[in-house]
Amino acid sequence: MTAAHTVAPTGHRPAPADAGGAPLHHNRTAWRWARRAVLVAFLAMVAALLVRQARTIEWGQVLHAVGQLPPSFVLAAVAVTALSHTIYSTYDLFGRHLTGHRLGTGTVMGVTAISYAFNLNLGSMVGGIGFRYRLYTRLGLATDQIARIVGMSLLTNWSGYLLVAGLVFSFWPPQLPPDWKLDSEGLRLAGAAALALAAAYVALCAWRHGREWMVRGHRIELPGLRMALLQVLVAGFNWCVLGMVMWLLLQGRVDYAHVLSVLLCSVVAGLIVRVPGGLGVLETVFVALLGYRVPLSDLLAALLAYRAVYYLLPLLLATLAYGVVEWLARRRLARPNSPNQGERPSSKR
């Protein structure tokens with residue numbers, strides 16, 4: 001055999017090298033360990049936040065408050081809570097329509113539901129953004145796609161808030177305490193401004209649909225008129241459903257419009273006072289605005305039950321669901337010749 005036909009023995013081929021001369025498998029190993037370190041740090045941070053959140057809650061009071069409520073009202077509140085979380089889980093479908101990715105509807109809603117539960121309890125940076133990036137990256141979406149999905153979800157949520165808050169504050173403003181800097185007339189003006197902003201968003205989508213902006217390297221694209229209207233209506237309906245949960249736990253002692261208006265006020269207060277889950281802010285606003293209409297013990301019981309039903313129960317379910325997702329992902333990656341998350345066969349898309 002001539003030298004031209006000499007073949008290196010099997011198993012002794014030199015490792016491929018990158019442009020700098022370093023073997024590629026070393027780079028892949030380093031990248032794999034870096035990803036594991038980031039995952040461990042992320043999970044450790046989430047665990048620490050969960051423990052800290054759990055320590056701030058008087059579990060005995062929560063259980064006692066829920067136990068004192070009529071079971072029919074609690075079950076109805078749980079059912080309405082499930083409806084609200086389900087509606088919210090559709091928000092990322094607007095982002096799917098905008099980005100054109102091919103993840104299934106159930107997958108997208110599952111990611112959104114898990115992120116929303118953590119968002120409510122641990123804040124938007126961990127839940128609304130951190131968990132979305134973690135889960136969508138696992139599913140093969142690019143960073144710019146995830147950023148656009150998160151942005152579209154935020155637009156959906158707050159455009160619906162502007163519509164509902166605008167209507168409620170304009171026609172059914174709550175009676176604010178005299179020592180507050182804002183009175184009912186001020187709320188009416190705020191309601192008119194909110195309605196104007198919601199209308200401006202819809203009009204901008206109708207006018208600028210199909211055009212893009214680049215803001216700090218991120219591409220911004222607005223949906224069309226029909227999609228914008230659907231966003232506002234779906235999210236607005238969800239805010240109304242959210243008010244129904246608290247109204248049920250108050251056992252209908254206060255008219256629904258008033259409960260909804262107080263809840264919408266607490267959202268604004270929660271944005272100003274940045275604490276995870278608005279812990280304490282929600283209770284303070286409700287006591288200030290409804291304490292003269294409902295006995296304080298009953299009001300606090302309803303508020304504690306509201307936290308248990310709308311915040312803590314979904315958080316428990318989301319934690320379990322996230323654990324299952326991570327376990328399944330690890331099993332998939334451990335299989336020999338298993339495709340990467342971002343390399344799904346086209347027949348499954």
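Guide: Start with Arg-138 and Glu-326, which form a salt bridge whose closest N and O atoms are 2.9 Å apart. Arg-138 sits in helix α6 and Glu-326 in helix α12, so the pair ties together parts that are 188 residues apart in sequence. Keep in mind that this is a predicted model, where local features need pLDDT of at least 70, side-chain atom pairs count only at pLDDT 80 or more, and totals for chains, interfaces and linings use all residues. Residues are numbered from 1 along each chain as its sequence is written, and side-chain values use heavy atoms, with hydrogens and water left out.

Visitor: What counts as a salt bridge, and how many are there by this rule?
Guide: The rule wants a side-chain nitrogen of Lys or Arg within 4 Å of a carboxyl oxygen of Asp or Glu. By that rule, the count here is 7. Helices, by the way, are DSSP runs of H or I with at least four residues, numbered from the N terminus.

Visitor: Are Arg-138 and Glu-326 buried or exposed?
Guide: Buried means under 20% relative accessible area, exposed over 50%, and partly exposed in between (1.4 Å probe, protein chains only). Both Arg-138 and Glu-326 are buried. They also belong to a salt-bridge network with Arg-134.

Visitor: Which residue does Arg-132 pair with?
Guide: Asp-92, with the closest N and O atoms 2.9 Å apart. Arg-132 lies in helix α6 (residues 124-138) and Asp-92 in helix α4 (residues 91-99), so this bridge ties together parts 40 residues apart in sequence. Arg-132 is buried at 3% relative accessible area, and Asp-92 is buried at 0%.

How values were computed. Helix = DSSP H or I, 4+ residues; strand = E, 2+ residues; numbered from the N terminus.
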